[in-house]
Amino acid sequence: MASKTITLHVNGEVRTITVRASDTLLFALRGKLGLTGPKPGCLNGDCGACTINVDGWPMKSCLMLAVEAVGKEVVTIEGLHDTPIQRAFVEEFAFQCGYCTPGFIMNCHSLLKQHPDADDRIIKEWLESNICRCTSYIEIEKAVKSVLRKEEPGG
Amino acid sequence: MLPFDFDYFQPKSLKEAVELFRYLEQQGKQPMFFSGGTELITLGRIDLAFSDAVIDIKNIPECKVMQYSGDYLFIGGALSLTQIEEANPFPLLTKVASEVADHTARGKITLGGNICAQIFYREAVLPLLLADSQLLIVGPEGVQTIHINDIFQQQLKLKKGELLVQTATERRFIEAPFFTVKRRQQWDTGYPLITIAALKIDQEFRVAISGLCPFPFRSQEAEAYLNRQGSMEERIDGALSVLPKPILDDVEGSAQYRLFVLRNLLYDALVALE
Ligand SMILES: Cc1cc2nc3c(=O)[nH]c(=O)nc-3n(C[C@H](O)[C@H](O)[C@H](O)COP(=O)(O)OP(=O)(O)OC[C@H]3O[C@@H](n4cnc5c(N)ncnc54)[C@H](O)[C@@H]3O)c2cc1C
Ligand code: FES
Ligand code: FES
């Protein structure tokens, strides 16, 4: 009974997979669904590289079991296409090696949806959840602010 | 990845959860209630936590309430810290909770899970200790409502198979003036060097602290000194002389440094609330 067949809603598709109940969502997304956008970093909830959206909110997929995601809308970086925040990351050059980028974008994407009028305090509070080893912080902040200022939030 | 397997259950009622726990124990399992689950997921990975039968309580309606009934605010133990923060029904709790971990992680960490956690900071308990909150607990012996200060001594003294369902806090405490600060060794996220929460009610100060000792606490002995007549220095010296022991002395900060920081925080709290 430790293995279960579950149905997940991921990036607008219905996907059925078999997982151990103790598998994290990060592991299931990458290992079972080939969605390698969410990155393994600390596996401990600290770095944010594995961030996805669950029901529109940011979630560290290393802190969630795959079985907990049943009945929820899961979106990974593969589910975003040419959104304003993705374009802004390119325009502002908000990355260097790019390892933290999918997690940062998913967090920013949710921020822009949940708080389309976010002030500096809210931006800081949300973005503190992710770490960029290449220290692209200024450019990431510029990217978020450029979307808040100019374009339709979140895409 | 977790190096062990477990069965996963999602009871829909308190009765089902409690009976399931008892049944699984009788089967020789090691059942565990799972709220945000961050403790089992992070500590399980490094072999510091284990369960072979996980009982997820997030589908139990009573564990998800956030509403006033009469003069009491009820908050379900399975609500995430972010949900509580966004709704902001209890500003002191919002402020303390909003300093735990980081914004995304707080979307998973729950109030009940933080209070019952192994990790010794358990910061979200501080406002409840100050506000004489009542805890609704369900277990094999039925439902009980217990004053938090009678059941939280260093940790929540739950018996095996008991579940924290809700906290209930009287409106007058929620509306009382408060002060809270979290000081870290460095940066703006992470575990505390010291977190202080203070509240003024009926002209008296109350103070609760996490990060000073290997458990969070409210000290009525320290409060008695703070509420005396006299200079700030004398009152704070008195309060510092009756703190519980041991004072943490680790890489986050020496015992001496923690006491130095606490002295200043007590001063700031008194100035803010006097
Ligand atoms: C990245 C990160 C940063 C963190 N930073 C901080 C911090 O700054 N300050 C801080 O205080 N903590 C911090 N923590 C610790 C964190 O608070 C605990 O892991 C968390 O509080 C547990 O909450 P949870 O809802 O995930 O609980 P769970 O993992 O679900 O449960 C924790 C324990 O409590 C029991 N339990 C849960 N709910 C109930 C209930 N309703 N009734 C009875 N028993 C119950 C469980 O059986 C388990 O033993 C951090 C954790 C992470 C992952
Ligand atoms: S891998 Fe999930 S937060 Fe670091
Ligand atoms: S771009 Fe390299 S870690 Fe952020």
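Angles under 35 degrees count as roughly parallel, over 145 as roughly antiparallel, 65 to 115 as roughly perpendicular and the rest as oblique.

**Ground rules.** I am reading a predicted model, where local features need pLDDT of at least 70, side-chain atom pairs count only at pLDDT 80 or more, and totals for chains, interfaces and linings use all residues. Residues are numbered from 1 along each chain as its sequence is written, chains are lettered from A and ligands numbered from 1 in the order in which they are written, and side-chain values use heavy atoms, with hydrogens and water left out.

**Helices of chain A.** I took helices (H or I, at least four residues) and strands (E, at least two) as DSSP runs, numbered from the N terminus. Axes are lines fitted to C-alpha atoms, for helices over the stretch in contact, and angles run from 0 to 180 degrees between N-to-C directions. I looked up α3(A), residues 101-114, against α5(A), residues 137-150: they pack at about 30°, axes 11 Å apart. The two are therefore roughly parallel to each other. Next I took α2(A), residues 84-92, whose axis comes within 9 Å of that of α3(A) and crosses it at roughly 130°. That makes α2(A) oblique to α3(A).

**Ligand 1.** I counted a residue as near if one of its heavy atoms lies within 4 Å of the ligand. There are 32 residues around ligand 1, and B:F33, B:S35, B:T38, B:T110 and B:E123 come nearest. Residues from chains A and B surround the ligand, so the site is shared between chains.

I then checked polar contacts (pairs of N or O atoms within 3.5 Å; within protein, one must be able to donate a hydrogen and the other to accept it, and residues adjacent in sequence count only if both atoms are side-chain atoms). Oxygen atoms of ligand 1 have a polar side-chain atom of B:T110 at 2.6 Å and one of B:K182 at 3.1 Å. A polar backbone atom of B:L164 lies 2.8 Å from a nitrogen atom of the ligand. Taken alone, ligand 1 exposes 970 Å², of which the protein buries 93%; accessible areas come from the Shrake-Rupley method with a 1.4 Å probe. α6(B) gives the most to the shell, with four residues.

**Backbone of chain B.** Most residues other than glycine have a negative phi, and most peptide bonds are trans. I found a cis peptide bond between B:K245 and B:P246, with omega about -5°. B:P246 sits in the loop between α11 (232-241) and α12 (255-273) of chain B. B:R122 has a positive phi, near 45°, and lies in the loop between α6 and α7 (125-130) of chain B.
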